[in-house]
Amino acid sequence: MKYINTTIICFLFLLTISCKTDKKEEAIKETEAISILEKVANAHGYENWKKVKQIAFTFNVDRDSAHFERSWVWKPKTNDVIHISNGDSLFYNRKKMDSIAYKTNGGFINDRYWLLAPFNLIWDAPNFEYTHSEGEMAPIAKKPMNKLTIVYNTEGGYTPGDAYDFYFEDDYLIKEWVFRKANQEEPSMTTTWENYIDHNGFHFAMDHKKPEENFNLFFDRIQTVMK
């Protein structure tokens, strides 16, 4: 007859329980460790970005009776870009830009930022400092929201030192934002983020309007090619 040491059995049982508890605590910590930047980006569909082979969109601005637009086709995996404006097209690769492409790319960075700013919270994270607070008064809606402020480094990029204040509620979808040139205290531009669409798992704000002005910055002709 074989005898089993009950002390060993108890030890193994407690070790198993301890391991399960540790794994559960680690999972909770990993969930809690998701930064506010990731929460905002993921709410807009960032987790689907790895599937994008190509994205095309048209950037539009209506101001009073004037209209401006330009279109882009971007292949993020190769960084090939096509700029289309007034019937003319320019192809360039963002890794190899001449002076003309560099100037054109400034427009691409601007227009892409308006469309994909939530994703830039991940892409640009090494290049800015950020703060997050709750219960801040949103400048347009005039009600308490979460406020996420990012301030870019003062060196590098097309607009070094600029700051952005993002306002959002519990769904983490941006409702409005404030752009502050060179981190000045007074707003340089304040607009809404509205008319969201669900496109291939992404949540895009199609319209950005200014309060009390006949102004709308908007997107159309959005197309994505997924792998």
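## Aromatic cluster and antiparallel sheet

Tyr-46, Trp-49, Trp-72, Trp-74, Phe-108, Phe-119, Trp-123, Phe-202 and Phe-204 are joined into a cluster by ring pairs. The model is a predicted one. In total, the structure holds 25 aromatic pairs.

| Ring pair | Distance between centres | Angle between planes | Class |
|---|---|---|---|
| Trp-49 and Phe-119 | 5.8 Å | 55 degrees | tilted |
| Phe-119 and Phe-202 | 5.9 Å | 55 degrees | tilted |

The planes of Trp-49 and Phe-119 stand at 55 degrees, so this pair is tilted; stacked rings would need planes under 30 degrees apart, and edge-to-face rings over 60. The pair of Trp-49 and Phe-119 links distant parts of the chain, 70 residues apart. Trp-49 lies in the loop between helix H2 (36-43) and strand S1 (52-63), whereas Phe-119 belongs to helix H3 (residues 99-123).

Trp-49 has a relative accessibility of 11% and therefore counts as buried. Phe-119, at 2% relative accessibility, also counts as buried, the cut-off being under 20%.

Phe-119 and Phe-202 have their ring planes at 55 degrees, so they too form a tilted pair. This pair links distant parts of the chain as well, with Phe-119 in helix H3 and Phe-202 in strand S11 (residues 202-209), 83 residues apart. Like Phe-119, Phe-202 is buried.

A ring also takes part in a contact with a charge. The charged end of Lys-210 sits over the ring of Phe-215, at 4.6 Å from the ring centre.

Turning to the sheet, 5 strands in the order S5-S6-S7-S8-S9 make up an open sheet with antiparallel pairing. Its edge strands, each pairing on one side only, are strand S5 (128-137) and strand S9 (189-192). On average, neighbouring strands of this sheet are turned by 15 degrees against each other, direction ignored.

Within the sheet, strand S7 (residues 163-168) pairs with strand S8 (residues 174-180) in the antiparallel sense, over 6 bridges. Arg-180 in S8 is the bridge partner of Ala-163.

Terms used. Residues are numbered from 1 along each chain as its sequence is written. This is a predicted model: local features need pLDDT of at least 70, side-chain atom pairs count only at pLDDT 80 or more; totals for chains, interfaces and linings use all residues. Side-chain values use heavy atoms; hydrogens and water are left out. Rings of Phe, Tyr and Trp (its six-membered ring) pair if their centres lie within 6.5 Å; planes under 30 degrees apart count as stacked, over 60 as edge-to-face and the rest as tilted. Helices (H or I, at least four residues) and strands (E, at least two) are DSSP runs, numbered from the N terminus. Buried means under 20% relative accessible area, exposed over 50%, partly exposed in between (1.4 Å probe, protein chains only). A charge sits over a ring if NZ of Lys or CZ of Arg is within 6 Å of the ring centre and within 35 degrees of the ring normal. Two strands pair if DSSP finds at least two bridges between them. Axes are lines fitted to C-alpha atoms, for helices over the stretch in contact, and angles run from 0 to 180 degrees between N-to-C directions.
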